[in-house]
Amino acid sequence: MSSVAPYSAQHVASIYRQLLRLSLNWTVRRDVWRKQALEIRAKFDANKNITNPREIRALIMEGERQLAINRHPDPYIPPSRPGGSKHERNVPPRLDHPIDGDY
(Lines give C-alpha, C1' and ligand atoms only; values in the text may rest on other atoms or scores of the structure.)
Protein backbone atom coordinates (compact mmCIF):
# COMPACT_ATOMS: atom_id res chain seq x y z
CA MET A 1 0.00 0.00 0.00
CA SER A 2 1.25 3.52 -0.68
CA SER A 3 1.93 6.27 1.83
CA VAL A 4 -1.29 8.07 0.83
CA ALA A 5 -4.26 7.85 3.22
CA PRO A 6 -6.36 4.76 2.42
CA TYR A 7 -9.59 6.68 1.73
CA SER A 8 -8.12 9.59 -0.20
CA ALA A 9 -9.05 10.45 -3.75
CA GLN A 10 -5.33 10.26 -4.59
CA HIS A 11 -5.20 6.63 -3.51
CA VAL A 12 -8.29 5.78 -5.57
CA ALA A 13 -6.80 7.59 -8.58
CA SER A 14 -3.58 5.64 -8.08
CA ILE A 15 -5.48 2.34 -8.15
CA TYR A 16 -7.30 3.50 -11.29
CA ARG A 17 -4.04 4.36 -13.08
CA GLN A 18 -2.46 1.07 -11.99
CA LEU A 19 -5.44 -0.89 -13.32
CA LEU A 20 -5.16 0.93 -16.66
CA ARG A 21 -1.44 0.17 -16.89
CA LEU A 22 -2.06 -3.44 -15.91
CA SER A 23 -4.68 -3.90 -18.62
CA LEU A 24 -2.27 -2.37 -21.14
CA ASN A 25 0.32 -5.00 -20.15
CA TRP A 26 -2.10 -7.77 -21.13
CA THR A 27 -3.48 -6.19 -24.30
CA VAL A 28 -1.33 -5.59 -27.36
CA ARG A 29 -3.89 -3.89 -29.60
CA ARG A 30 -4.73 -0.35 -28.57
CA ASP A 31 -8.34 -0.51 -29.85
CA VAL A 32 -9.06 -3.55 -27.66
CA TRP A 33 -7.34 -1.89 -24.70
CA ARG A 34 -9.44 1.24 -25.17
CA LYS A 35 -12.63 -0.80 -24.66
CA GLN A 36 -11.14 -2.28 -21.48
CA ALA A 37 -10.14 1.20 -20.30
CA LEU A 38 -13.71 2.41 -20.79
CA GLU A 39 -15.02 -0.56 -18.76
CA ILE A 40 -12.59 0.23 -15.94
CA ARG A 41 -13.65 3.87 -16.00
CA ALA A 42 -17.34 2.90 -15.93
CA LYS A 43 -16.76 0.79 -12.81
CA PHE A 44 -15.06 3.70 -11.06
CA ASP A 45 -17.73 6.17 -12.17
CA ALA A 46 -20.49 3.87 -10.90
CA ASN A 47 -18.98 4.02 -7.40
CA LYS A 48 -17.93 7.67 -7.24
CA ASN A 49 -20.86 8.78 -5.05
CA ILE A 50 -20.37 6.20 -2.31
CA THR A 51 -19.78 7.84 1.08
CA ASN A 52 -19.99 4.89 3.47
CA PRO A 53 -16.40 4.30 4.75
CA ARG A 54 -16.93 0.53 4.93
CA GLU A 55 -18.08 0.36 1.32
CA ILE A 56 -15.20 2.59 0.23
CA ARG A 57 -12.72 0.39 2.08
CA ALA A 58 -14.23 -2.75 0.50
CA LEU A 59 -13.99 -1.22 -2.98
CA ILE A 60 -10.38 -0.14 -2.42
CA MET A 61 -9.49 -3.60 -1.15
CA GLU A 62 -11.18 -5.14 -4.22
CA GLY A 63 -9.18 -2.86 -6.53
CA GLU A 64 -5.93 -3.79 -4.81
CA ARG A 65 -6.90 -7.47 -4.97
CA GLN A 66 -7.50 -7.16 -8.72
CA LEU A 67 -4.07 -5.58 -9.08
CA ALA A 68 -2.45 -8.42 -7.16
CA ILE A 69 -4.15 -11.35 -8.90
CA ASN A 70 -3.82 -9.93 -12.43
CA ARG A 71 -0.20 -8.83 -12.17
CA HIS A 72 1.64 -9.50 -15.43
CA PRO A 73 4.68 -11.82 -15.22
CA ASP A 74 6.56 -9.71 -17.79
CA PRO A 75 5.21 -6.15 -17.48
CA TYR A 76 5.91 -3.54 -20.12
CA ILE A 77 8.84 -1.29 -19.25
CA PRO A 78 8.89 2.09 -21.04
CA PRO A 79 11.98 2.57 -23.23
CA SER A 80 13.39 5.39 -21.12
CA ARG A 81 13.12 3.50 -17.80
CA PRO A 82 15.95 1.27 -16.49
CA GLY A 83 15.59 -2.13 -18.14
CA GLY A 84 13.42 -0.75 -20.95
CA SER A 85 14.05 -1.39 -24.61
CA LYS A 86 13.51 1.00 -27.46
CA HIS A 87 12.85 -1.72 -30.02
CA GLU A 88 11.50 -4.88 -28.40
CA ARG A 89 9.51 -5.65 -25.29
CA ASN A 90 11.80 -6.70 -22.42
CA VAL A 91 14.30 -8.56 -24.54
CA PRO A 92 15.79 -11.52 -22.62
CA PRO A 93 19.59 -11.62 -22.44
CA ARG A 94 21.41 -13.61 -25.10
CA LEU A 95 22.55 -16.95 -23.70
CA ASP A 96 25.42 -17.36 -26.16
CA HIS A 97 26.96 -13.98 -25.24
CA PRO A 98 29.67 -13.84 -22.53
CA ILE A 99 28.67 -12.01 -19.38
CA ASP A 100 31.04 -9.57 -17.65
CA GLY A 101 34.35 -10.93 -18.88
CA ASP A 102 33.44 -14.65 -19.02
CA TYR A 103 35.14 -15.71 -22.24
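The crossing of helix α1 and helix α3 is left-handed, a term applied where the near helix is turned anticlockwise from the far one by less than a right angle, with right-handed used if the turn is clockwise. In this predicted model, local features need pLDDT of at least 70 and side-chain atom pairs count only at pLDDT 80 or more, whereas totals for chains, interfaces and linings use all residues. Residues are numbered from 1 along each chain as its sequence is written, and side-chain values use heavy atoms, with hydrogens and water left out.

The axes of α1 and α3, the latter spanning residues 53-69, come within 10 Å and cross at roughly 25°; such axes are lines fitted to C-alpha atoms, for helices over the stretch in contact, and the angles run from 0 to 180 degrees between N-to-C directions. α1 is therefore roughly parallel to α3, given that angles under 35 degrees count as roughly parallel, over 145 as roughly antiparallel, 65 to 115 as roughly perpendicular and the rest as oblique. On the α1 side, the contact (heavy atoms within 4.5 Å) is made by His11, Val12, Ile15, Gln18, Leu19 and Leu22, and on the α3 side by Ile60, Gly63, Glu64, Gln66 and Leu67. These residues divide into six nonpolar, four polar and one charged, where Ala, Val, Leu, Ile, Met, Phe, Trp, Tyr, Cys and Pro count as nonpolar, Asp, Glu, Lys and Arg as charged, and the others, Gly among them, as polar.

Helix α1 (residues 9-26) also packs with helix α2 (residues 30-46), at an angle of about 155° and with the axes 9 Å apart. The two helices are therefore roughly antiparallel to each other, and α1 passes α2 in a right-handed crossing. In this contact Val12, Ile15, Tyr16, Leu19, Leu20, Ser23 and Leu24 of α1 meet Arg30, Trp33, Gln36, Ala37, Ile40, Arg41 and Phe44 of α2, a set that divides into ten nonpolar, two polar and two charged residues.

A search of the whole structure finds one aromatic pair, that is, rings of Phe, Tyr and Trp (its six-membered ring) with centres within 6.5 Å, whose planes count as stacked when under 30 degrees apart, edge-to-face when over 60 and tilted for the rest. The pair is formed by Tyr16 and Phe44 in an edge-to-face arrangement, 5.2 Å centre to centre and with 70° between the planes. Because Tyr16 lies in α1 and Phe44 in α2, the pair ties together parts that are 28 residues apart in sequence. Tyr16 counts as buried at 19% relative accessibility, while Phe44, at 25%, counts as partly exposed; buried means under 20% relative accessible area, exposed over 50% and partly exposed in between (1.4 Å probe, protein chains only).

The protein chain as a whole has three helices and zero strands, with helices (H or I, at least four residues) and strands (E, at least two) taken as DSSP runs numbered from the N terminus. Buried residues make up 18% of its 103 residues.
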